[in-house]
Amino acid sequence: MSDKPEFNQARRNILIATTCAGGAATVAAAVPFVSSMLPSERAKAIGAPVEVDIGYLAAGDMMRVEWRGQPVWILHRTKEMLDAVKAAKEKVADPNSERKPSELTPEYARNEFRSAKPEYLVVVGICSHLGCSPSDRLKPGPEAFDPEWKGGFYCPCHGSLFDLAGRVYKNKPAPDNLKVPPYMYLSDAKLLIGEDKKA
Ligand code: FES
């Protein structure tokens, strides 16, 4: 028996929303077939946590998923990237995530790497200035905006820079670090975005 058109459209939407920079992404979204639900069910599903398979994400690669209509980036950091985070401490405005901690950085991410596990950065990809989506410039090397660039994120709207932990550089228009959403590990290879407590 063939699927209904709305069923196929919803499935396509989920796949489009979960594409990966490094190749094909397999994301088990907890929001299946939203368009076929009743309004109250749909609202609930849109706010639901999203389960993400990170097992295939190679070191150095980043994937993007959507949670509550926002882009969430998951970056698998290499040792060199973690070293770059340490080296950026003097360049960033809030190295210890002390600003708006309850709003921007959950307790388990209030550390130098801003993450529950050092190797995986999980942040909402929305600039804290006026809401543009910064572009990833993960590789170190001279850039027009910084000849000594160590890797991170560049917001082209007004030139804010963020390091590989999503920490905003000093003296930039963006006032704060990128937000770390609530998340938890279901296993080494599975993340749940949007919830950080075991039921
Ligand atoms: S929106 Fe990012 S710098 Fe203005």
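Predicted model: local features only at pLDDT ≥ 70, side-chain atom pairs only at ≥ 80, totals over all residues.
**Exercise 1.** Determine how many helices and strands the protein chain has, and in which order the elements run.

*Solution.* Counting the elements gives four helices and nine strands. Read from the N terminus on, their order is α-α-β-β-β-α-α-β-β-β-β-β-β. As for burial, 30% of the 199 residues in the protein chain are buried.

**Exercise 2.** Work out the strand order of the open sheet of three strands, and state which strands lie at its edges.

*Solution.* The order across this open sheet is β1-β9-β8, and the pairing is antiparallel. The edge strands, each of which pairs on one side only, are β1 (50–53) and β8 (183–187). From one strand to the next, the twist averages 30 degrees.

Next, take the two pairings in turn. Strand β9, residues 190–193, is joined to β1 by four bridges, and the two run antiparallel. Within this pairing, V50 has I193 as its bridge partner, while E51 stands opposite L192.

**Exercise 3.** Assign the residues of β9 to its covered and uncovered faces.

*Solution.* In a regular strand, side chains alternate between the two faces of the sheet. In β9, L191 and I193 make up the covered face, whereas K190 and L192 make up the uncovered one.

**Exercise 4.** Identify which residues touch the most other members of the largest nonpolar core, and follow the contacts of I193.

*Solution.* The largest nonpolar core has 38 residues, and the members that touch the most others are V72, I74 and I193. At least two residues of this core come from each of β1, β2 (62–67), β3 (70–76), α3 (79–87), β4 (120–124), β6 (152–154), β7 (161–162) and β9.

For I193, leave out residues up to four places away in sequence; the residues that I193 then touches are P49, V50, V52, V65, W67, V72, P181 and Y183. Among these contacts is V72, which, like I193, is one of the residues touching the most other core members.

Technical notes: Residues numbered from 1 in each chain as written. Pairing = 2+ DSSP bridges. Axes fitted to C-alpha atoms, helices over the stretch in contact; angles between N-to-C directions. Core = buried A, V, L, I, M, F, W, Y, C linked by C-beta atoms within 7 Å. Buried ≥ 20, exposed ≤ 12 C-beta atoms within 10 Å, placed from the backbone. Contact = placed C-beta atoms within 7 Å.
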